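Good morning. I will go through a few local features, starting with the backbone and then turning to the aromatic rings. Please have a look at the structure first.

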Amino acid sequence: MAKYPTEPLKCWKKAKELREQYYLNYARAHETGGIRWSGSAWALDAIPAGLGNDVYSLTGEPYGAAVALDKKFNQECQNAAESAGFARDLCAYMRTYWGSIYLDKYLFGGPFPKPDFNFQSQICCSHAKWYQHASKLENTPVNFIDVSVGPYKDLTEDRLMYVVNQGLESIEWMEKVTGRKYNDELFIEAVKNEMRSTSLWAEICCLNKAKPAPLDEKTMYSLYVLATLSKSSKWCADFYEECRDEVKDRVARGIAAVPNERARVMSDTQPPWAFLKVFRYLEEFGAVSIGSLYTFGLEGIWETKPDGSWGPRTTPMEQGIEITTREQAMRLYCDWNLSKPQWQHFYDPRLKTEMMKTIVKEWGVDGVMLHLNRGCEGLSLGIMENRLGLAAAGIPVMTYEGNMGDEREFDIGRTQNRVDSFMETLNIKRDFIHA
């Protein structure tokens, strides 16, 4: 039974409209002489912004997730990639993206919009091959920046400059392949926007420490995705400011995402996108998923505050730093991205375990649900070590098998049975009546 008031997010409709407009802008860019480029959600997308105000991107993972919701088209894409000889155990998003190119079919209508160039950061084991093959299929120039320089806690001047110099060199490459003169002011503005966006998203996630939680993770997926699309855009930063203010108001008024909240769980890695009803099933137990390291840290940028708590990283602008040159902006920008939480566990699963334990403590989590995600080798790296680390700390943990982008790898009935058993260990009974 409900014990907290609830209401829809006022900014929900705007979030959906911004997402739709993003995909349409990319498809239509050439109609007005604009530039299209493609890369991952982790690409350093403030850099291409210096080419002009008419530059539009297509980020591959969010596109793959969007396709996953269309089960028929997703299956067509998977089949096309497999027919070309690619195995099912490769990144599901990558296979979907390639399949869309092979089919020459765009989820949002018409043929697949070929980019003018591909621009990618390399840290995930799939990212380099993803856009190497895409560029081969499209006959499109491609540029990579290697950001795998070790965990942020071990960052040295040499490691930082290794990434910074690649970023500066990529600007010269973009000028060459597009024939455009680079605008440093636009780049600096984009860097500031990205820092605002990613710090604001972390601040929004921090508000979920409140009880009752103002947001549930299923809703947060539709909000965090905007940063995965275009985190360096002014529209993204401005939206997160608006969203932050609304969530603050929800906390002040005690508005709950789940009106019958009596338990708090956290998930891990991408969910099985075609089966988000798993999160609605949790609500039948009065359980709210308050988020995850994935949801918080895929694009959110964090820091340890003076009181030892985890919070949004302070931007250079908040520190009174004036950014005036290309070189200064690139240095600050690369340092900012290298602190990304989701990049840290590529080097040592213990780093991820410690971050997860922090979330459990500060967000008041009762149990952790680990998705053994066959569709993403990168974010599932070390996940069983994470399970052992959490269990050793006395934190209840359940696992379930699946795939974020290939529904053939997911069994909804089996997963619900595992949730039933997990809730029983937490001494939580299922509700059948909702407000």
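P212 sits in the loop that runs between α7 (184-206) and α8 (217-230). Keep in mind that this is a predicted model. The bond to look at here is the one joining K211 and P212: this peptide bond is cis, with omega about 0°. As background, most peptide bonds are trans, and most residues other than glycine have a negative phi.

N139 is not a glycine, yet its phi is positive, about 55°. This residue belongs to the loop between α5 (127-138) and β4 (142-146). T269 is not a glycine either and also has a positive phi of about 55°; its loop lies between β5 (263-266) and α10 (277-283). Is N139 buried or exposed? N139 is exposed, with a relative accessible area of 67%. T269, at 1% relative accessibility, counts as buried.

Now the rings. An aromatic pair is described by the distance of the centres and the angle of the planes. The model has 33 aromatic pairs, counting rings whose centres lie within 6.5 Å. Take Y22 and Y23: their ring centres are 5.0 Å apart and their planes stand at 80°, so this pair is edge-to-face. Both Y22 and Y23 are buried. They belong to a cluster linked by ring pairs, which also includes Y63, Y97, Y106, F108, F112, W130 and Y131.

Last, charges over rings. R36 lies over the face of Y26, 5.4 Å from the ring centre. K209 lies over the face of W363, at 4.6 Å from the ring centre.

Methods. Residues are numbered from 1 along each chain as its sequence is written. This is a predicted model: local features need pLDDT of at least 70, side-chain atom pairs count only at pLDDT 80 or more; totals for chains, interfaces and linings use all residues. Side-chain values use heavy atoms; hydrogens and water are left out. Rings of Phe, Tyr and Trp (its six-membered ring) pair if their centres lie within 6.5 Å; planes under 30 degrees apart count as stacked, over 60 as edge-to-face and the rest as tilted. Buried means under 20% relative accessible area, exposed over 50%, partly exposed in between (1.4 Å probe, protein chains only). A charge sits over a ring if NZ of Lys or CZ of Arg is within 6 Å of the ring centre and within 35 degrees of the ring normal. Helices (H or I, at least four residues) and strands (E, at least two) are DSSP runs, numbered from the N terminus.
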